[in-house]
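Subject: Handover of a structure for your review

Dear colleague,

Please find below the sequence and structure that I am handing over to you. My notes on what was found follow directly after.

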Amino acid sequence: MKNEKKRRFPLFIDLADRKVIVIGGGKIAERRIRTLLSFEACIKVIAKECSSDISQMHEAGMIHLEKRAYREGELDDDAVMVLAITDDSRVNESVWSECKRKNIIVNVASNQELCDFFFPAVLLQDEITIGVCGNGTNHSEVREKADLLRKLLKEKTDE
Ligand SMILES: C[C@@]1(CC(=O)O)c2cc3[nH]c(cc4nc(cc5[nH]c(cc(n2)[C@H]1CCC(=O)O)[C@@](C)(CC(=O)O)[C@@H]5CCC(=O)O)C(CC(=O)O)=C4CCC(=O)O)c(CCC(=O)O)c3CC(=O)O
Ligand SMILES: NC(=O)C1=CN([C@@H]2O[C@H](COP(=O)(O)OP(=O)(O)OC[C@H]3O[C@@H](n4cnc5c(N)ncnc54)[C@H](O)[C@@H]3O)[C@@H](O)[C@H]2O)C=CC1
């Protein structure tokens, strides 16, 4: 089966108080940090520049932010996962190499081949968590389906 046709198996992990490192502080990083905060992860962000919302999260004590470039070799061994989300694919690839050496699970937003796991669209309702993920061929469709499910769940709750 060709790689792009492969289905991805959903795993549900306890992230409470566990260290997740995010390299990059732009649009995608912000969206994913918001999601991770719902799971009480201990989030460390390393980014040259970052969105004002990410700065505010740091000031409010919700995350730990280091505003600087990623330094090869710096990733903490006790991280449960690392997200490489800079707009420089070479930087993302060097984050990937370090994670491989240190056996840390890594997601590289710019390269599906370098993802140990994929970041799903996440829907939360009471005690239920729903993760939506495609096979990597149509990201917009994943977003549309997730939004449709969000709408349906909201309608059910409002009934
Ligand atoms: C494979 C995956 C790997 C990973 O885990 O990173 C990946 C990869 C890539 N996405 C790209 C683009 C877009 N992604 C979105 C949206 C989402 N993408 C998400 C996940 C994933 N994206 C992983 C599994 C996805 C799957 O199953 O298909 C979601 C679910 C979660 C999240 O991101 O939070 C989120 C919906 C969130 C929600 O609704 O809640 C949109 C639409 C939008 O933003 O409106 C666009 C623009 C439209 C387009 O380009 O199609 C690019 C090209 C980048 C470039 O060209 O620079 C790559 C790189 C590549 O394909 O190699
Ligand atoms: N998987 C997905 O859903 C999607 C993935 N992407 C990928 O994610 C990447 C990031 O997208 P956006 O967040 O929109 O980009 P952006 O331009 O908003 O943010 C990039 C961030 O990377 C930081 N950065 C750059 N070099 C750095 C370094 N050496 N060390 C630390 N931080 C550094 C910048 O300071 C900035 O905070 C895109 O280039 C693309 O490859 C883009 C769209 C969707």
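Which residues does A84 touch, not counting residues up to four places away in sequence? They are I23, N92, V95, W96, V106, N107, V108 and A109, where touching, or contact, requires the C-beta atoms of two residues, placed from the backbone, to lie within 7 Å.

Two remarks on conventions come before the rest. The model is predicted, and local features need pLDDT of at least 70, while side-chain atom pairs count only at pLDDT 80 or more and totals for chains, interfaces and linings use all residues. Residues are numbered from 1 along each chain as its sequence is written, and chains are lettered from A and ligands numbered from 1 in the order in which they are written.

Overall architecture

The protein has 4 helices and 7 strands; these are DSSP runs numbered from the N terminus, with helices (H or I) of at least four residues and strands (E) of at least two. Read from the N terminus, the order of elements is β-α-β-α-β-β-α-β-β-β-α. The radius of gyration is 16 Å, close to the 15 Å of the globule rule for 159 residues, so the protein is as compact as a globular protein of that length. That radius is taken over C-alpha atoms, and the rule is 2.2 Å times the number of residues to the power 0.38. Along the principal axes, the C-alpha atoms fill a box of roughly 50 × 45 × 25 Å.

Of the 159 residues, 25% count as buried. A residue is buried if 20 or more other C-beta atoms lie within 10 Å of its own, exposed if 12 or fewer, and partly exposed in between, with C-beta atoms placed from the backbone. Among contacts between residues at least 6 apart in sequence, 47% join residues at least 24 apart.

The protein is divided into domain 1 (14–114) and domain 2 (121–158), with bounds that come from an automatic or database domain assignment. The C-alpha centres of the two domains are 23 Å apart.

The largest nonpolar core has 31 residues, of which V22, I23, I33, V45, V82, A84 and V106 touch the most other members. Such a core is a set of buried Ala, Val, Leu, Ile, Met, Phe, Trp, Tyr and Cys residues joined through C-beta atoms within 7 Å. Two or more residues of this core come from each of β1, α1, β2, α2, β4, α3 (89–102) and β5 (105–108).

Within α1, the residues A29, E30, R32, I33 and L36 are buried. Their cover includes β1 (19–23), β2, α2 (52–59) and β4 (81–84).

The two ligands

Around ligand 1 there are 21 residues, and the closest are F119, A121, G134, H139 and R143; a residue belongs to such a shell if its C-beta atom, placed from the backbone, lies within 6 Å of the molecule. At least two residues each come from α1 and α4 (139–158), and α4 gives the largest share, 5 residues.

Ligand 2 has 22 residues around it, with G26, I28, K48, T86 and S110 coming nearest. The elements giving two or more residues to this shell are α1 (27–37) and β2 (42–47), and the largest share, 3 residues, is that of α1.

By residue class, the shell around ligand 1 has 10 nonpolar, 8 polar and 3 charged residues, and the shell around ligand 2 has 11 nonpolar, 6 polar and 5 charged. Here Ala, Val, Leu, Ile, Met, Phe, Trp, Tyr, Cys and Pro count as nonpolar, Asp, Glu, Lys and Arg as charged, and the others, Gly among them, as polar.

Individual residues

A79 is in the loop between β3 (64–67) and β4, and counts as partly exposed with 18 C-beta neighbours inside 10 Å. A79 and I21 are 58 residues apart in sequence, yet their C-alpha atoms are 6.7 Å apart in space.

Most residues other than glycine have a negative phi. D17, in the segment before β1, has a positive phi of about 60° and is exposed, with 8 other C-beta atoms within 10 Å. D126, in the loop between β6 (121–125) and β7 (128–132), has a phi near 45° and is likewise exposed, with 7 other C-beta atoms within 10 Å.

Yours sincerely
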